[in-house]
Every structure is written in C-alpha cells, then in structure tokens.
Amino acid sequence: MRGTFLNRYLLVSLLLIGILGRDAAAEVSLSINIGPPVVVGAPPAMVMVPGTSVYFAPGLDVDIFFYGGYWWSPRGNRWYRSTDYDGPWRTVARSSVPRTVYRVPREYREIYAKERHIPYGQWKKEGHGGNHRGRGHGRGND
C-alpha cells in the first residue's frame, strides 16, 4: 500500500510540475530595443537653428537633428545617432551628444517655424546630410 501511495504522489507531483512549467513558460516575454521607431522618406526641407550649425526637419513628427556629420534623435531618456536620416540608428551616451544639439529648445518647432526652409535636395548638395564627419561630431563638448 505504501508503494501505491508513493507512485500516486510522484504522478501528481510530475503532473503539477508539468502544468506549472507550461504556465510559467507562457508568461515569458521578450522586448528588443533596436533604436527609435523612425520611418522617414526624404525630409521635405531643413531649417537651421539660428546661431548654431544644427538643422532639423520641420515636416517630421519626430525630433531629428543634423549636426557635425551625424543625425541625432532623442527618445525619452535615450539619444540615438546615425550617419543617415533613415538609419541605422545606434544608442549613444548623452555625453556623446554635442551640447549644441541637446541644448536646442524644446519648443524649437514653434520658435523657428518661420526660419528659411531649405529643400532637402539643395541642402544635401550644399554638403549636408551625408556620411562626412565635420567639426564637432559627437565629442559632447561642442
């Protein structure tokens, strides 16, 4: 009789482990952050923030700046950098973001809305937006 009790105990224990194991596995989730969710066609125009060499695309709903040969984009507490406006984007430490970029006023769209809009093609022909590295690219002290 004792052997039957042990067999039943083992069987119930194994069933419970199997059931609990399936429930635990069903609750596992995975989240991968691969950069800002930015899908951009060619920006319609670029605007320079007066008194700086920072440009932004006023026609976008996301914050994307160009400065020193790189594209910069804040998302929450993180900053991202790319050599092209449509990525790939890589996370960078805030200390890598030039001061000139992260000091752009939060209301920059409203403040600079009437500044000169440069068509993107013209802006790029002037030597902006490419994969070149200019003065002040990502040293955090520009």
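Predicted model: local features only at pLDDT ≥ 70, side-chain atom pairs only at ≥ 80, totals over all residues.
Residues are numbered from 1 along each chain as its sequence is written, and side-chain values use heavy atoms, with hydrogens and water left out.

**Overall make-up**

- The protein holds 4 helices and 7 strands; helices (H or I, at least four residues) and strands (E, at least two) are DSSP runs numbered from the N terminus.
- Read from the N terminus, the order of elements is α-β-β-β-β-β-β-α-α-β-α.
- Of the 142 residues in the protein, 33% are buried.
- Among contacts (heavy atoms within 4.5 Å) with a separation of 6 or more, 58% involve residues 24 or more positions apart.

**The sheet**

- The 7 strands form an open sheet in the order β6-β5-β4-β3-β2-β1-β7, with antiparallel pairing; two strands pair if DSSP finds at least two bridges between them.
- At the edges are β6 (90–92) and β7 (118–119), each of which pairs on one side only.
- Strands of a sheet pair through backbone hydrogen bonds, either parallel or antiparallel.
- β3 and β4 pair in the antiparallel sense over 3 bridges, and F65 stands opposite W72 in β4.
- The hairpin of β3 and β4 has 2 residues between the strands, and G68 in its turn has a positive phi of about 60 degrees.
- β4 also pairs with β5 (residues 78–82), in the antiparallel sense and over 5 bridges.
- Bridge partners in β5 include S82 for W71 and R81 for W72.
- A hairpin is formed by β4 and β5 too, with 2 residues between them and a positive phi of about 65 degrees at G76 in the turn.
- Between β5 and β6 there are 3 bridges in the antiparallel sense, and Y80 stands opposite T91 in β6.
- β4 is largely enclosed by the rest of the structure, because 5 of its 6 residues are buried.

**Nonpolar cores**

- A nonpolar core is a set of buried Ala, Val, Leu, Ile, Met, Phe, Trp, Tyr and Cys residues joined through side-chain atoms within 4.5 Å.
- The largest nonpolar core has 15 residues, of which V54, F56, F65, W72, W79 and V101 touch the most other members.
- β3 (65–67) and β4 (70–75) each supply at least two residues of this core.
- A second, separate core has 13 residues, including M46, W89, I118 and Y120.
- Leaving aside neighbours within four places in sequence, V54 is in contact with V47, M48, V49, F65, F66, Y67, T100, V101 and V104.

- S82 lies in strand β5 and counts as buried because its relative accessibility is 2%.
- The S82 side chain reaches the backbone oxygen of D84 at 2.6 Å and that of P88 at 3.0 Å.
- Apart from its neighbours within four places in sequence, S82 is in contact with Y70, W71, G87, P88 and W89.
- H128, in the segment after α4 (120–125), counts as buried at 18% relative accessibility.
- Not counting residues up to four places away in sequence, H128 touches Y55, F66 and W123.

**The salt bridge**

- A search of the whole structure finds 1 salt bridge, defined as a side-chain nitrogen of Lys or Arg within 4 Å of a carboxyl oxygen of Asp or Glu.
- R109 forms a salt bridge with D63, and the closest N and O atoms are 3.6 Å apart.
- R109 lies in helix α3 (residues 108–111) and D63 in the loop between β2 (55–56) and β3, so the pair ties together parts that are 46 residues apart in sequence.
- R109 is partly exposed, with a relative accessible area of 22%.

Key:
Buried < 20%, exposed > 50% of the residue type's maximum accessible area, 1.4 Å probe, protein only. Polar contact = N/O pair within 3.5 Å; in protein donor to acceptor, adjacent residues only side chain to side chain.
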